[in-house]
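Keep the sequence and the 3D view open while you go through the points.

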Amino acid sequence: MERDGVIEGYTVRVAEAALGRTVRAVIDVSLGAGVEVDEFERRLAQRDEVSFAAYVTGTADYSIIVACPGADGLDAFVRWLRAEAGVGRTETKMLLRVVTD
């Protein structure tokens, strides 16, 4: 199946809580006017908290899944988005329980 391209690769699953990242959240973000998309995506990809990010349709520009060290870590990440990454609006949803992953 590898040879036929059905299996594209193998991954490692990290136990975020073992790294102290006990709060997971989905953050929908809308970029501010004039923000360079490529630069935003480059900076976002460098953040350890980010486990998933996608450019999406709808009212937000991106949906981001993060794992942060507690509520303070989530607050710091959202503040970074607004102050340094050029995000104009955020909507954050904390994950209470993961049903399937």
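Arg47 lies over the face of Trp80, at 4.3 Å from the ring centre. Arg47 also forms a salt bridge with Glu49. The model is predicted. The chain has two helices and four strands, and the structure holds eight salt bridges.

**Overall layout**

- Along the sequence, the elements follow the pattern β-α-β-β-α-β.
- The chain has 101 residues, and 29% of them count as buried.
- Along the principal axes, the C-alpha atoms fill a box of roughly 45 × 30 × 25 Å.
- Gly5 sits in the segment before β1.
- Gly5 is partly exposed, with a relative accessible area of 43%.
- Ile7 and Tyr62 are 55 residues apart along the chain, and their C-alpha atoms are separated by 28 Å.

**Around Arg47**

- In the Arg47 and Glu49 salt bridge, the closest N and O atoms are 2.7 Å apart.
- Glu49 is buried, at a relative accessible area of 15%.
- Arg47 is partly exposed, at 22% relative accessible area.
- The two labels differ because buried means under 20% relative accessible area: Glu49 has 15%, and Arg47 has 22%.
- Arg47 therefore takes part in a salt bridge with Glu49 and, as a charge over a ring, in a contact with Trp80.

**Salt bridges between separate elements**

- Side chains of opposite charge can pair when their charged atoms come close.
- Asp28 forms a salt bridge with Lys93, and their closest N and O atoms are 2.9 Å apart.
- This pair links distant parts of the chain: Asp28 is in strand β1 (residues 23–31), and Lys93 is in strand β4 (residues 87–94).
- Asp28 and Lys93 are 65 residues apart.
- Asp28 is buried, with a relative accessible area of 15%.
- Lys93 is partly exposed, with a value of 33%.
- Glu84 forms a salt bridge with Arg43, with 3.9 Å between the closest N and O atoms.
- Glu84 lies in the loop between α2 (70–83) and β4, and Arg43 lies in helix α1 (residues 37–45), so this pair ties together parts that are 41 residues apart in sequence.
- The Glu84 and Arg43 pair counts as a salt bridge because the cut-off is within 4 Å, and the closest N and O atoms are 3.9 Å apart.
- Arg43 is partly exposed, with a relative accessible area of 24%.

**Aromatic contacts**

- There are three aromatic pairs in the count.
- One of them joins Phe40 and Tyr62: the pair is tilted, 5.0 Å centre to centre, with 55 degrees between the planes.
- Phe40 is in helix α1 and Tyr62 is in strand β3, so the pair ties together parts that are 22 residues apart in sequence.
- Why is this pair called tilted? Its planes are 55 degrees apart, and the edge-to-face label needs over 60, whereas stacked needs under 30.
- Are Phe40 and Tyr62 buried or exposed? Phe40 counts as buried at 2% relative accessibility, and Tyr62 is buried with a relative accessible area of 3%.
- Phe40, Tyr55 and Tyr62 form one aromatic cluster.

**The largest pocket**

- The largest pocket has a volume of about 250 Å³.
- Its lining includes Val12, Arg13, Val14 and Glu16.
- Arg24, Ser51, Phe52, Ile65, Ala67 and Asp101 are also among the lining residues.
- Strands β2 (50–55) and β3 (62–68) each supply at least two residues of this lining.
- By class, the lining has five nonpolar, one polar and four charged residues.

Technical notes: Residues numbered from 1 in each chain as written. Predicted model: local features only at pLDDT ≥ 70, side-chain atom pairs only at ≥ 80, totals over all residues. Heavy atoms only, no water. Salt bridge = Lys/Arg side-chain N within 4 Å of Asp/Glu carboxyl O. Buried < 20%, exposed > 50% of the residue type's maximum accessible area, 1.4 Å probe, protein only. 1 Å grid on protein atoms, 1.4 Å probe; cavity = no way out; pocket = protein on both sides within 12 Å on 5 of 7 lines; lining within 4 Å. Points joined across faces, edges and corners; volume = space filled by probe spheres on them. Nonpolar A, V, L, I, M, F, W, Y, C, P; charged D, E, K, R; others polar. Phe/Tyr/Trp six-rings, centres within 6.5 Å; stacked < 30°, edge-to-face > 60°. Lys NZ or Arg CZ within 6 Å of the ring centre and 35° of its normal.
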